[in-house]
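Please keep the sequence and the structure in view while reading.

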Amino acid sequence: MDAAAEEAAVARFLREYPQTEQAEYGHPALVGCTDVAWSQIPGCPAELPVLLRGLLDQVAGPEALRVLDNVLMNSVFHVSPAMSAALPFLIRLAALPDIAVRSGLVDLLVVAAELSQPVDADNERQVLLLGNECDHPEREWCRAAFATHAPALHALLEAETLPDGLISAADRECLLRAAEPQRYSSS
């Protein structure tokens, strides 16, 4: 989705769910959200915080997640430059047991973790699908964000936090690998 289409999707979301624009940022999962210079991130709509806030709304949450997915993913194989800035909030939001879009948030985190893994320059297929590391600095930015927020990711992955069936063993492993790449680098 190009920048104009993303802006249009966000504007449509704001028209359909105006209550999210007026909601406060006081939720603990969104602390620091207004401190991010979202509009200075290439291709990122300035209203991205409204989408994050919309995830907390039971009614608007599914649409906020759909629009957010489109904004944070440049394509099926690439995260956008905004993903790394959004990860701390996505991790904290996914840890909320009563959020309506929790499974979708966990899925988005898994996709971000998977697409943030380093690409082996000697693997032609990987390079063809995912591009060279030097052409996609957003992967390194996401790896740094996952590492920085590893304690929150570990808290999310605690067995009693996630109900059975919300995350597979493979997806759990993917998120743990993102949180602790040095521990999983030999596997």
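Is A155 buried, partly exposed or exposed? A155 is partly exposed, because its relative accessible area is 35%, and buried would need under 20%. The model is a predicted one. The points below begin with the chain as a whole and then turn to individual helices and residues.

**Chain overview**

- The chain holds 11 helices and 2 strands.
- In sequence order, the elements run α-α-α-α-β-β-α-α-α-α-α-α-α.
- Of the 187 residues in the chain, 47% are buried.
- Counting contacts between residues at least 6 apart in sequence, 64% join residues at least 24 apart.

**Helix α9 and its surroundings**

- Helix α9 spans residues 150-157, and its buried residues are A150, L153, L156 and L157.
- These buried residues fall within an arc of 115° when viewed down the axis of α9, so they line one face of the helix.
- The elements that cover the buried residues of α9 include α5, α6, α8 (137-148) and α10 (169-179).
- A155 also belongs to helix α9.
- The C-alpha atoms of A155 and A95 lie 7.6 Å apart, while the two residues are 60 residues apart in sequence.

**Packing of α5 against α6**

- Helix α5 covers residues 83-94 and helix α6 covers residues 102-115; their axes are 10 Å apart and the packing angle is about 140°.
- That angle makes α5 oblique to α6, because only angles over 145 degrees count as roughly antiparallel.
- The crossing of these two helices, α5 and α6, is left-handed.
- On the α5 side, the contact is made by M83, L87, L90, I91, L93 and A94.
- On the α6 side, the contributing residues are R102, L105, V106, L108, L109 and A112.
- Sorted by class, the contact of α5 with α6 contains 11 nonpolar residues, no polar ones and 1 charged one.

**Packing of α5 against α8**

- The axes of α5 and α8 come within 8 Å of each other and cross at roughly 25°.
- This makes α5 roughly parallel to α8, because angles under 35 degrees are counted that way.
- The crossing of α5 with α8 is right-handed.
- M83, S84, L87 and I91 of α5 meet W141, C142, A145 and F146 of α8.
- The residues of the α5 and α8 contact comprise 7 nonpolar, 1 polar and no charged.
- M83, L87 and I91 of α5 take part in the contact with α8 and are also listed in the contact with α6.

**Residue L109**

- L109 sits in helix α6, where L109 is one of the residues that make the contact with α5.
- L109 counts as buried because its relative accessible area is 0%.
- Leaving aside residues up to four places away in sequence, L109 touches L87, L90, I91, A94, F146, L156 and L175.
- L109 and L175 are 66 residues apart along the chain, with their C-alpha atoms separated by 7.6 Å.

How values were computed:
Residues are numbered from 1 along each chain as its sequence is written. This is a predicted model: local features need pLDDT of at least 70, side-chain atom pairs count only at pLDDT 80 or more; totals for chains, interfaces and linings use all residues. Side-chain values use heavy atoms; hydrogens and water are left out. Axes are lines fitted to C-alpha atoms, for helices over the stretch in contact, and angles run from 0 to 180 degrees between N-to-C directions. Helices (H or I, at least four residues) and strands (E, at least two) are DSSP runs, numbered from the N terminus. Angles under 35 degrees count as roughly parallel, over 145 as roughly antiparallel, 65 to 115 as roughly perpendicular and the rest as oblique. A crossing is left-handed if the near helix is turned anticlockwise from the far one by less than a right angle, and right-handed if clockwise. Contact means heavy atoms within 4.5 Å. Ala, Val, Leu, Ile, Met, Phe, Trp, Tyr, Cys and Pro count as nonpolar, Asp, Glu, Lys and Arg as charged, and the others, Gly among them, as polar. Buried means under 20% relative accessible area, exposed over 50%, partly exposed in between (1.4 Å probe, protein chains only). The arc is that of the directions from the helix axis to the C-beta atoms.
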